[in-house]
Amino acid sequence: MGSGSSVNANYKYSLQKSENAFKAAVLIQRWYRRYVARLEMRRRCTWRIFQSIEYACEQDQIKLHNFFSYLMDHFTPSSSKERDFISRMFISGESFKEAELEKYCDYESMEVPDSYTGPHLSFPLLPDHATALLEAFKQKQQLHARYVLNLLHETRKHLKQLPNISHVSTCYSEEVTVCGDLHGQLDDLFLIFYKNGLPSPSKSYVFNGDFVDRGKQSLEILIILFTFLLIYPKEVHLNRGNHEDHMVNLRYGFAKEVMQKYKVHGKKILKMIQNVFCWLPLATLIDQKVLIIHGGVSDTTDLDMLEKIQRNKFISVLRGKKRKESNRNVEIQEVNGESNAEADPTGNEATPSLPSQPRPAQAPSMANRLEFSRWVRQTVQEQIEWCRRLVDISESEDEELTYSSMVSLADLDGPCWTRQEEWKQILDILWSDPMPQEGCRENTVRGGGCYFGPDVTGKILEKYNLQFLIRSHECKQEGYEFCHNRKVLTIFSASNYYEIGSNRGAYVKLGPDLVPHFVQYQANKTAHTLTMTQRISRVEESAFRALREKLFAHTSALISAFKAYDKDNTGRITLSNWATAVESVLHLGLPWRMLRPQLVRTTADGMLEYKSWLDDLAMEQRSQEHIQSSLLEVIYRNRSNLETIFRIIDRDHSGLISFEEFHQTWKLFSSHMNIELTDDGINDLVRSIDFNKDGNIDFNEFLEAFRLVKQTQ
C-alpha cells in the first residue's frame, strides 16, 4: 500500500514537471515568434527606407534631364556663340563619326612602358588572357590604357554585328547561367565564377545589365566581361541595363571612377565606353521560351519593333531626343513617293526633305569588263547611301553595314515608327518594374518606365509563346524573387547592395527543361560572422542615417510644413501632424508613424518640439561636415543634381569648366528659373567664386555659385 502511494506521488510530480516544461516551451515559442516578428518588421522598414531613397534619387535624375529638355525646347539662343555652346553641350557632342572616333581613341600610338607590370593583351584573345586579368585584378593591378582602348575597340566591332535580341540555345551547352545587376562589385563576380565556373564552350552566361555604377570596380567588371565576350562570343551574352547609359554614369560614379583610375587617357576611355554601351543588345531569348530583359515590359512592348530598332541611336535613354513630327511626316511622304519641297505657307523655313533616289548613270558596254565593274560598284554604293539616309542611319556608322542597319534596309516596306515610339520601347524594357495589381501605369516612383501587372505579363507571354520572363533591376533580399504567378523572375547578383548584410546575391541556372535552379551567396566575409540580430541592427543603423541626411537636406521645407500645423507658433506639433508634414515634403511613401521612435523624441504629453528636433539633425550633420549649416543644407539637398549638371558642362571630364561655359550655362538656367542675372552680374559671380584665380571653375566653386545666388533671392 505504501509502495502504491509512492508511485502515485511520483507520477503526479512527473506530470506537474512535464506540464511546467510544456508551459515554458509555449512561452519561449511565443516570445521567439514575437522576437522574430519584430525583427522582420524592422527589416521590412529598413528595406523600404533604402528603396525609397534609391528610387527618389533615380526620379531626381530623370527630372533633371526633363528639365534640360524643357530648357532646350524653350530657350532661344541670342547669338551663334550661345547656339554652338548648347549644341555642343546637350545635342551634338554625343557621337563621333567612325573615323573620328578611331582617331580620337587611337590606342596604337600609345606605348606600354617597360616598367608596366600588369597583364598584357594581344588579339585575338585567348582563355589565358582572361585568367591573367582575373589574377591581376585580384591583386589590385590595373590594365594599361592601351589595352583597355584596344579591348573596347574590338568589343565595339563585335557588338555591332549582333542583333538587338540575342538568341541562346541550351542544346549547345549543359546549362545557361543568368546573372543580374553587379553594380561594380567585383567580389560578387569572382564568387560567381568560383562557384559556377568560368565561361567556356560548355558553360554559357547571360549578364543582364547594370554592370557599372555605385560600386568601386565597375571598370574591372566591364573589362572581364568584354574579354570573355570576345573569347566565347557564342557562350557569353550581355544585355543593356538602365545604368549602361552615359548620363546615368555621370551621377552614380562610373564616370568619376574611370577618370580617377586613368587620369591621362580617361576621357578617351569614357568616350569609347559610351559608344560601346549603345551597341549592347537589348534582350536575350533562351530556346525561344524565356525572355531576359533588364527592367520589364509594358502594354505597348513590341518585340518585333525591338528587333528592328537601331539601338545605337539611343546613346542615353534619358536623353530621348524627340524627332519633330514635321520631319517625320516628310520621311513618310518620301517613303510613299510624295514630295514636300515647297516652302511652308506660313512663311517658316521649309523642312528639309530627304534626298531623291539617285538615278544611275548610263551603263557602259559590257565589252569593257573593268569599266562595267566600276559602274556596278558605284551604282550600288549610291543606292546604299540613299537607303541609309532614308532609314536615318547615323553618319557615324557609314563605313560598314551593321546588323540593325541591314534589318532596317530589309524592312523599308514594313511599318514606319517614330523615334519617340522606339525610345519608349527601350525606356520600358530598361526601367520598368512589376506590380501585383492588374494593368499598366507610369512608374512615378523611379520616374521612368512603367509598372506592369500580371495581365500585361500574360499577354506578352501568350503573344510570343513564352514560358516566363527573367528580369533584374531591383534588389531582392534573397537575391531572387518570383511574382505574377511565377511568370516573372527577378534576379539580382550584387550582394550587400545597401549595406553589409542587407541582402544576398544570386544567379539562376537553366537547363534544357528550363526549370530554374538558384544559387545564393554572400561575397563579404563579415556578413557570415554576423547573427541575424546584428545584421539587421547594422543595416537599420545605416538606413536611418541616410534618412536623417534626407530630412536634414529639407530642413527649410520641413519648417514651413510644420508651421502650417503650428498656428500659435509654439514650436510643438502632434506626432500625427509631424508624420503628415514629413511625407508632404519628402514624398517617400514611408510609414512615418512606425519609424517615429527611431527619429524623434516626444514630450510627456505626446507632442513634438520640432525646432529642437531639427537642431539635433543639424548638429549631427555638422559633426561630420565642418560647414556652415545653411550651406550644408543646400549642398545635401542639391549635391547630386549639381554634380550631374557640372559633369554635363565639363565635356572633357577635366574636373574644370571655363568661364565661358559657366557664363552660357547660367544664361540657360536664368531663362527658366527665378534667377535674374545680367551678363555683368554673371561675370561678377564667376570672378567671385574663382577662389584660386586660375581662370576655371571646379566643383566646389560651382557649388558656391548656387549658394550665393540663393542668398540673393
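Author: Strands of a sheet pair through backbone hydrogen bonds, either parallel or antiparallel. Here β7, β9 and β8 form an open sheet of three strands in the order β7-β9-β8, with mixed pairing. The edges are β7 (433-434) and β8 (440-442), each with a single partner strand, so one side of each has no neighbour in the sheet. Strands (E, at least two residues) and helices (H or I, at least four) are DSSP runs, numbered from the N terminus, and two strands pair if DSSP finds at least two bridges between them. This is a predicted model: local features need pLDDT of at least 70, side-chain atom pairs count only at pLDDT 80 or more, and totals for chains, interfaces and linings use all residues. Residues are numbered from 1 along each chain as its sequence is written, and side-chain values use heavy atoms, with hydrogens and water left out.

Reader: In which sense do β8 and β9 pair?

Author: β8 and β9 (residues 450-452) pair in the antiparallel sense, over three bridges. Cys440 has Phe452 in β9 as its bridge partner.

Reader: What is the order of the six strands in the other open sheet?

Author: The order is β1-β5-β6-β10-β12-β11, and the pairing is mixed. At the edges stand β1 (165-168) and β11 (480-483), each with a single partner strand, so one side of each is left without a neighbour in the sheet. On average, neighbouring strands of this sheet are turned by 20° against each other, direction ignored; axes are lines fitted to C-alpha atoms, for helices over the stretch in contact, and angles run from 0 to 180 degrees between N-to-C directions. Inside the sheet, β10 (residues 468-471) and β12 (residues 488-491) pair in the parallel sense over three bridges. Ile470 has Leu489 in β12 as its bridge partner.

Reader: How many aromatic pairs does the structure hold?

Author: A pair of aromatic rings is described by the distance of the centres and the angle of the planes. The structure holds 18 aromatic pairs. One of them, Phe193 with Phe207, is edge-to-face, at 6.5 Å centre to centre and 85° between the planes. This pair links distant parts of the chain, 14 residues apart: Phe193 is in helix α6 (residues 186-196) and Phe207 in strand β3 (residues 203-207). Rings of Phe, Tyr and Trp (its six-membered ring) pair if their centres lie within 6.5 Å; planes under 30 degrees apart count as stacked, over 60 as edge-to-face and the rest as tilted.

Reader: Which peptide bond is cis, and where is His473 found?

Author: Most residues other than glycine have a negative phi, and most peptide bonds are trans. The bond from Phe123 to Pro124 is cis, with omega near 5°. Pro124 is found in the loop between α3 (98-104) and α4 (127-138). His473 is in the loop between β10 and β11, and its phi is near 80°, a positive value in a residue other than glycine.

Reader: What does the UniProt annotation cover?

Author: According to the unreviewed UniProt entry, "domain: EF-hand" covers residues 553-588, 637-672 and 677-712. UniProt positions are given in the numbering used here, feature names are shortened, and annotations may be inferred rather than shown by experiment. In the model, residues 553-588 are 67% helix and 8% strand, and the end C-alpha atoms of this span lie 14 Å apart.
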